[in-house]
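I set down here what I looked up, entry by entry. The sequence and model come first.

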Amino acid sequence: MSCFQLSELREILTPEQIKLVDDGVKTLSRNHIITLSNFSSSVCLDAVLTAKVLKKLVDLQILSYQTAIRCPECGILIKEVDSLNFEAEYLCYGCEEMVLISTDNIEVIYRLAKYPFVERQQIKVFNNSEKSVAGNNDSLTYLLENNILDFNALFFSPTEAQYEELLEMYNRVFPNSNNKSNKEKGDDLNDFIVKLFNICKHFSVSSAIWTSPNQIDVYTRNKLYIPGISGKEVVDGFHIECKNEANTPKAEYMNKLHSILCTTEKRLGIVVSKSPAPKTFVRLANKIFLRDKIVIIWIDKNDLFDIIKNKLNLLEVIARKIDEVKFNATKDLRELKLYEA
């Protein structure tokens with residue numbers, strides 16, 4: 001009999017594979033650093049399937065995950081990071097000097113969250129050497145480039161309590177009738193969006209930031225961006241313009257957001273509104289992208305409902321809408337099976 005409730009793994013594994021996973025997990029101790037590559041080797045599964053298994057084990061609260069910084073020179077584990085708020089350089093105690101890091105030196109690691117083994121002796125261990133060099137198949141760079149881990153699901157994974165809170169806030173923002181003032185309606189929408197985006201583990205979100213001469217409704221900083229280290233395609237932050245009007249906002253809102261993005265040298269902006277985007281939105285946004293390399297996307301009330309009630313992944317929704325603008329898509333990319341959310 002398994003020590004864990006692993007029935008959910010039947011969706012992706014055979015009974016024989018489930019037994020391998022169960023036996024592999026039973027060998028772990030609290031001090032083990034688990035990575036995709038060492039767990040894959042232990043349970044004899046390929047990397048993509050192992051990534052799905054690890055996510056399931058995290059969902060079942062058997063494992064917990066975080067990220068770790070390794071020295072690019074000696075491979076020593078410098079620091080484990082929960083916030084995903086990385087610095088450009090760290091002090092390596094092995095090299096006794098400051099070292100620059102990149103996503104090549106950042107690993108996704110797992111640790112045992114539950115430890116129910118009191119009768120069974122540990123019979124084997126994973127390679128847990130502190131001097132394991134980080135330039136391997138566990139680096140953030142490798143996992144991102146090879147689409148092995150679903151980072152959208154890793155970084156945006158609300159708890160049931162968070163979903164309930166978001167739904168309450170959603171119902172306050174989009175009620176059937178509302179006697180609140182326009183300012184109160186706007187504040188409710190801003191608070192809701194700040195709460196939603198702050199659930200993403202790599203975002204830090206704030207509202208009501210003033211720039212001359214405009215106010216930014218919501219600004220989101222990407223904590224995975226490392227100045228001087230991250231590639232040019234990595235967005236350091238983006239602006240969100242919130243509109244609570246019942247009717248479709250006019251083009252002037254898009255122009256205002258475009259102006260703010262140009263002034264602040266940002267490359268991504270999001271319009272959030274109660275009503276759907278104008279039919280011409282994607283075509284106009286595509287023209288802006290081709291001319292200025294700035295992407296503006298639109299998220300409406302229905303998108304937000306799908307994210308909260310139907311549990312679509314916020315980050316995948318954003319990624320899909322970015323691609324729709326870049327491609328000047330005439331169809332929802334979900335219809336082409338490119339995206340699930």
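I looked up burial first: of the 341 residues of the protein, 48% count as buried (under 20% relative accessible area; exposed is over 50%, partly exposed in between; 1.4 Å probe, protein chains only). The accessible surface comes to about 17,800 Å², and 48% of this belongs to carbon and sulfur atoms (Shrake-Rupley method, 1.4 Å probe).

I note that this is a predicted model, in which local features need pLDDT of at least 70 and side-chain atom pairs count only at 80 or more, while totals for chains, interfaces and linings use all residues. Residues are numbered from 1 along each chain as its sequence is written, and side-chain values use heavy atoms, without hydrogens and water.

I checked confidence next. The mean pLDDT (the predictor's confidence in each residue, from 0 to 100) is 80, and 84% of residues reach 70 or more. Over residues 116–135 pLDDT stays under 50. Where pLDDT is low, the predicted coordinates should not be read in detail.

I counted 11 helices and 10 strands (DSSP runs: H or I of at least four residues, E of at least two). Of the contacts (heavy atoms within 4.5 Å) with a separation of 6 or more, 64% join residues 24 or more positions apart.

I then examined helix α10 (residues 301–308), whose buried residues are Asp303, Leu304, Ile307 and Ile308. Seen down the axis of α10, these fall within an arc of 125° (directions from the axis to the C-beta atoms), so they line one face of the helix. Their cover includes α6, α7, β9, β10 and α11.

Lastly, I looked up Met98, which lies in strand β4 (residues 97–100) and is partly exposed, at 46% relative accessible area.
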